[in-house]
Amino acid sequence: MLTVDVLLGLQWGDEGKGKVVHAIADQYDVVARFQGGPNAGHTIYVDNKKIILHHLPSGIASSTKYNVVGAGMVVDPITLKSEIEALQEVLSDVTDRLFISYRSSLIMPTHILLDRASERAKGKASIGSTQRGIAPSYMDRTGRNAIRMVDIQRKGFEQMYSRLKEKHLKLLKVYDSEDLVDSLPKMEEQWFEAIEFIRGLKFIDEPYFWEELGDARVLAEGAQGTMLDIQWGTYPYVTSSSTITGSVSIGLAIPPHYIKKVIGVFKAYTTRVGNGPFPTEMPQEIANKIREKGGEYGSTTGRPRRCGWLDLVTLKYATMINGVTELVITKADVLTGFEPLKVAVVYEVNGHQTSKVVPYLEDVKPIYRDFPSWSKIDTSDNNFMAFVGFIEKFLGVPVTKVSYGPRKEQMLELDSLGTIII
Ligand code: GDP
Ligand code: IMO
Ligand code: MG
């Protein structure tokens, strides 16, 4: 039987999931992505080289035998190709250990144009999407129009492509965005080149893949974060996939009762890239300091990330939804010596206090508790341990790791040190 652990983000993405997966991947036979696509940017370091992964699981640079791009994903062939080629500069066996689901769907160049057109049409109310074609491609999936990986091997693939492209071109007219079509020929040329490349990769159908593997240990790697979930996030300022634990079953054909640990990752503060409510967003002056110290610029788009204090109200909600069994705090080093240090513990809505996340987070005002800053990330630092202990008690889940730098070795292990909730 498979043993499946899940690792996912508890905030608005960019929690450092890639780094943490890279640090623990050696414990697994398989690392698998179950949702999202090239909107994700997961950063790892291999031989001093910074690698940003968009589709590939972050286990690809470890000893993990199988790295799966799951059926729940939407895949941009051009990005996938360039991502593999960049990795091949530092690793020799990338394509031997990579397995793509036949049932994942393809992002077409016109999906990217439609994403741009939709954002443009929304004007001030735009989502601030990564403009990678995510929403239009998931719309085609639920609309039962999508082209899937399996189709690139079938006769009639080019006709399928042309039919769907024609539909997209009509939609672009409706958006009054025909000007965007100028860039299409170049994009299509690269896209078909990338399809040729992808035809040479290994494909799987998950149910039978798992059956053949038998007793494997699997780590399912989330993309985005819980607050960007299509259903439970800050709708409509969310992504178009389900980012929570439940999505692992759907995106990878893994029965729910196979799931054992759920590892929730969050930063010691909060960031958000893109638009939408962000209750604990900091005043500009403090946000700028954190952004510079923490290098808070988007891995996929380079956009400056909005910065805010740690929000335990949303974190509690996220641990509930996901059934989190252990927590990993990242970027604790960024807050070393940082004063004042604030943590939101309750919200005020219409003059009343609540510890619940309400469906309109725009309407809440966070109430903070101050913490003294720490001088080092170590169990001997009382201020640091008080911060960790408070979080554990508040969330009712143990913190097992604290990350204090971008490299996989920069990790404090806490489970053996008895900091588990009182
Ligand atoms: P992901 O999308 O959740 O994988 O996160 P990203 O890779 O988009 O963003 C996290 C950023 O923080 C990357 O630049 C990482 O290299 C970096 N990072 C991860 N963990 C730590 C940490 O503990 N401390 C510091 N200073 N940087 C970290
Ligand atoms: P990782 O996996 C942070 C945000 C976008 C936008 C919203 C919708 O690296 O944590 P989309 O392109 O998905 O339609 O954009 O979601 N977003 C992310 N923010 N990290 C991500 O991924 C994100 N993927 C999407 O900025 O607000
Ligand atoms: Mg990221």
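Predicted model: local features only at pLDDT ≥ 70, side-chain atom pairs only at ≥ 80, totals over all residues.
**View 1. Polar contacts to oxygen atoms of ligand 2, made by Gly41, His42 and Arg303**. From the backbone, a polar atom of Gly41 lies 2.9 Å from an oxygen atom of the ligand, while His42 places a polar side-chain atom 2.7 Å from an oxygen atom of ligand 2. Arg303 likewise contributes through its side chain, with a polar atom at 2.9 Å from a ligand oxygen. Ligand 2 taken alone exposes 540 Å², and the protein buries 98% of that area.

**View 2. The magnesium ion (ligand 3) and its protein donors**. Asp14, through OD, and Gly41, through its O atom, coordinate the magnesium ion at 2.1 to 2.2 Å. Asp14 belongs to the loop between β1 (3–9) and α1 (17–24), whereas Gly41 belongs to the loop between β2 (30–33) and β3 (42–46), so the pair ties together parts that are 27 residues apart in sequence.

**View 3. Accessibility of the two residues that coordinate the magnesium ion, Asp14 and Gly41**. Asp14 has a relative accessible area of 22% and is therefore partly exposed, whereas Gly41, at 11% relative accessibility, counts as buried, the limit for burial being under 20%.

Terms used:
Residues numbered from 1 in each chain as written. Chains lettered and ligands numbered in written order. Heavy atoms only, no water. Polar contact = N/O pair within 3.5 Å; in protein donor to acceptor, adjacent residues only side chain to side chain. Areas by Shrake-Rupley, 256 points an atom, 1.4 Å probe, with all protein chains shown as cover. Donors = N, O, S within 2.8 Å, 3.2 Å for Na, K, Ca; no water. Helix = DSSP H or I, 4+ residues; strand = E, 2+ residues; numbered from the N terminus. Buried < 20%, exposed > 50% of the residue type's maximum accessible area, 1.4 Å probe, protein only.
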